[in-house]
Structure formats: structure tokens, C-alpha cells
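Here is a briefing on one chain. Please keep the sequence and the model open while reading.

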Amino acid sequence: MRADLSARAVDARELMDDPDADLRMLERTYERFPLINAVVSRWRAVYRQDIRPLARKRPIRILDVGAGGGDVSRALADWSRRDGLAVEVTALDADARAIGWARGRGGGVQYRCAYTSELVDAGETFDIVISNHLLHHLSGEELSAVLRDSVALTSAGGLVMHRDIARSRFAYLGFAVGTLPFARNLLAGSFIRADGLTSIRRAYTPAELSAVVPSGWRVRTALPARIELRYEVADAGS
């Protein structure tokens, strides 16, 4: 449980990012993501506070960047349907393995294997652009590109929310201790525990993220050890 958290471990790599990663373990990781995200990511609260109020005004489109197995996308689509709202959700990931697996889960979500730059080139726009646990995966150049594309893809009056884990001793020890009882049962045969700890080592602190993002972006924090990078696009008449 010891780790150097004084700086981002940018050279550390998550096992699931390996192109040759064991496919069975990768798919089991996708299967277990809903359990982890339900505990740590708090998208239900985000839906209530930011997404549902906008969707009650008009039909909206949501883009989930780096969607992986698509569990957040499917959850947002499901909550919207239950509330009788017209919400179109697109799960985007450049990894064909993730999108291929996610498509088999349906859920009223559009799954696309592409980069954000391809959507920008196609002239597509969305009301809300989100990501979950994406930022820590990106190099500096990739982060700049994703933020630039996110703004370009968001229509007037829209919102961008990139949410991730915040690096801290609390986050690392909390995840290590919290997942230990499940390492040989619920999480066995997946990359979740090992990659989760690597993710925290690679993650930003709020101060680090604030120092590298362009003007107009806001860094917000929340429990448990959450960090959010937010950009609000002005209305066309503003």
C-alpha cells in the first residue's frame, strides 16, 4: 500500500490499456465498472444537478468521451428514460475492444469507435460533453486536444464535465483498503484493483490540473476524492 504520490506517475501504465491485454480479464473489468462507478463517481448526483434540469427544457444530446464499457452512458440513458426525457447519449471510445463489448449491452446508447477530432471534423455538436476517469490517461498534448475538441463539440448554452479521481494519500489508501476484501472474489480475474491504484498514481491534484488547463476551465472538487474539470459555453445571445 506504499506509493510515492508526491508527483504524477506519468510513466505508469494501466494493464487494460495494453493492446495485448487478456481479453477475458478486460471484459470482466468492463462488467465490474458499474459497481465501482456507483460507489466513487457519483454520476447519479451529476444527472440530478446538471443534466436533468437542462433536459427538462429541451431534447439534448450527450457525448461520453472515453466511455470504455459504456456503463456511465447506459446509466444516463436509463435515468433519462425513467424521467420521460428526450436525451440521446453517444458513447465514444477509440478502443475498438471497448466499443465492441459495449455494443453488445445496448441500453439505448449510440456507440462509436472514433476520436473527438473526427467528430469535430464532421461538424457534430452536443449539449453536454462528459468523461469519467479519462483525464489521468492522457499525455499533456492529448489533454490539450481533448479540451479543445470538447469546447468545439459543445453547442451554445452547453456544458463540459470531465470527472476523475484526485490523487491523494486518502484516495490511494481508501481504494486499496476498500477493494482488498473483494480482490479474490468480486474483482478476481479483472484489472480493477491493480489499475485503480495505478490510476490514482497517475491522477492530478486540483492544483496541478488548475495549472495546466486553458482559461475558461474551472476545477472543482467533491467527495470522495473527486475532481471535475468544467467548461460552460455561453448562450448564443450572450
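Of the 238 residues in the chain, 50% are buried (under 20% relative accessible area; exposed is over 50%, partly exposed in between; 1.4 Å probe, protein chains only). This is a predicted model: local features need pLDDT of at least 70, side-chain atom pairs count only at pLDDT 80 or more, and totals for chains, interfaces and linings use all residues. Residues are numbered from 1 along each chain as its sequence is written, and side-chain values use heavy atoms, with hydrogens and water left out.

**Overall build**

- The chain holds nine helices and seven strands (DSSP runs numbered from the N terminus: helices are H or I with at least four residues, strands are E with at least two).
- The radius of gyration is 17 Å, close to the 18 Å of the globule rule for 238 residues, so the chain is as compact as a globular protein of that length. The radius is taken over C-alpha atoms, and the rule is 2.2 Å times the number of residues to the power 0.38.
- The C-alpha trace spans about 55 × 40 × 30 Å along its principal axes.
- Among contacts (heavy atoms within 4.5 Å) with a separation of 6 or more, 76% join residues 24 or more positions apart.

**Surface and charge**

- The chain has 33 positive and 30 negative charges, and their mean positions are 8 Å apart. Lys and Arg count as positive, Asp and Glu as negative; His and the chain ends are not counted. Each charge is placed at NZ of Lys, CZ of Arg, CG of Asp or CD of Glu.

**Nonpolar cores**

- In soluble globular proteins, nonpolar side chains tend to be buried together.
- The largest nonpolar core has 32 residues (buried Ala, Val, Leu, Ile, Met, Phe, Trp, Tyr and Cys joined through side-chain atoms within 4.5 Å). Ile51, Ile60, Ile62, Leu76, Ile128 and Ile130 have the most contacts inside it.
- Elements that each supply at least two residues of this core include helix H1 (23–40), helix H2 (43–55), strand S1 (60–65) and strand S4 (126–132). H2 gives the most, with six residues.
- Beyond its neighbours within four places in sequence, isoleucine 51 contacts Val46, Ile60, Ile62, Leu76, Ile128 and Met161.
- Another core, of 22 residues, lies apart from it; Val65, Val129, Leu153 and Leu229 are among its members.

**Sites in helices**

- Arginine 44 sits in helix H2. It is partly exposed, at 32% relative accessibility.
- Threonine 179 belongs to helix H7 (residues 169–179). It is buried, with a relative accessible area of 6%. Leaving out residues up to four places away in sequence, threonine 179 touches Leu187 and Arg193.

**Backbone exceptions**

- Most residues other than glycine have a negative phi, and most peptide bonds are trans.
- The peptide bond from leucine 223 to proline 224 is cis, with omega near -5 degrees. Proline 224 lies in the loop between strand S6 (218–222) and strand S7 (226–232).
- Alanine 225 is in the loop between S6 and S7. Its phi is positive, near 55 degrees. Alanine 225 is buried, at 13% relative accessible area.
- Arginine 42, in the loop between H1 and H2, has a positive phi of about 60 degrees. Arginine 42 is partly exposed, at 37%.
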